[in-house]
Amino acid sequence: MADEKMKILYLMRILLEETDKDHILNATELCDRLRSRYDLTCSRKTIYSDVLKLRSFGIDIIQVRGNVSGYYVKERDFSLPELKLLVDAVQSSKFITTKKSESLIKKLERMTSRANASQLQREVFIINRPKSINETIYENVDLIHAAISGNRQIRCQYCEWTVEKKLVPRRDGKIYELSPWSFTWDDENYYLVGYDESSGKIKHYRVDKMKNMELSEKERSGREEFKDFDLAAFAKRTFGMYGGEERNVTLLCINKLAGVVLDRFGRDIMIVKADEEHFRTHVPVSVSSQFFGWVTGIGPGMQILEPEDVREEYRRYLSNILGSYQE
């Protein structure tokens, strides 16, 4: 038999897990659950008394009278719409791996009743977005916070995607020494904003591309550069957004742009070798001036091959730009 002193805690668990405004349990049903699950005997009178204690503790238990009488928990730390919002944020975040997303969502489900939790689960299955595969990212975030609070630099390798869809360290495994100062979020990716002492510049780094991270004994540098630093202005001029008519286009790219393409469109896209120096990929894009600006910014290493009308529209886009510079 379970400890009688635990009875009120088991009652609280049943109310939190099984009740809401659409799922009400009366005193008899609560007694039955305590007996069948925890081998605890109680009376209706005991339920009334324990409910009063739980209310005094801060649990928002509502008593319903009438044809359908009983109890349910009304207010929780998070409402169902708030939990749906959090679930969507977790699921849509590229830097959170699929495994970690599932773990976090399971924890969020425990913040509401089982009936409402099933609605959260349905939200998960209708969403399909590219996710990170770097399971160490959560340790990285914790270590970076420790570095910021302890005024320490970090050491790590910074990685990039290859044509074979492998995340490998850049510059033959070079160790980067960075002074972390802030985090920012853009296009569902998590970035560290820090100071690179070797170049004397403020730079940003994708947290999910950082590996083998460790704390350095060195104090952070760049304090003067970050004294009046405007993170919002930095993000605005550093990151871009896109929008427009959805079309499928074929791109021809040099091999070193594999990471750029995989970052933008996800790892499920098909990459086909064109020759020793190039690959082709067929991807959905938003055909607009923003997309053309993105292609132009990448440079001659990327070409739009098909469809021909999009290719022609891009020619006109470039021609209009060149025309504006003619005297």
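Tyr-195 is buried, its relative accessible area being 10% (buried is under 20%, exposed over 50% and partly exposed in between, with a 1.4 Å probe and protein chains only). The model is a predicted one, where local features need pLDDT of at least 70 and side-chain atom pairs count only at pLDDT 80 or more, while totals for chains, interfaces and linings use all residues. Residues are numbered from 1 along each chain as its sequence is written, and side-chain values use heavy atoms, with hydrogens and water left out.

Tyr-195 sits in strand E6, residues 189–196 (strands, E, of at least two residues and helices, H or I, of at least four are DSSP runs numbered from the N terminus). Setting aside neighbours within four places in sequence, the contacts of Tyr-195 include Leu-178, Trp-181, Ile-202, Glu-225 and Phe-226; contact here means heavy atoms within 4.5 Å. Lys-273 is 78 residues from Tyr-195 along the chain, and 38 Å separate their C-alpha atoms.

Another tyrosine, Tyr-325, counts as exposed because its relative accessibility is 68%. Tyr-325 is found in the segment that follows helix H11 (308–324).

Strands E1 (residues 61–64) and E2 (residues 70–73) run antiparallel and are joined by four bridges; strands pair if DSSP finds at least two bridges between them. Gln-63 has Tyr-71 in E2 as its bridge partner. Five residues lie between the strands of this hairpin, and Gly-66 takes a positive phi near 130 degrees there.
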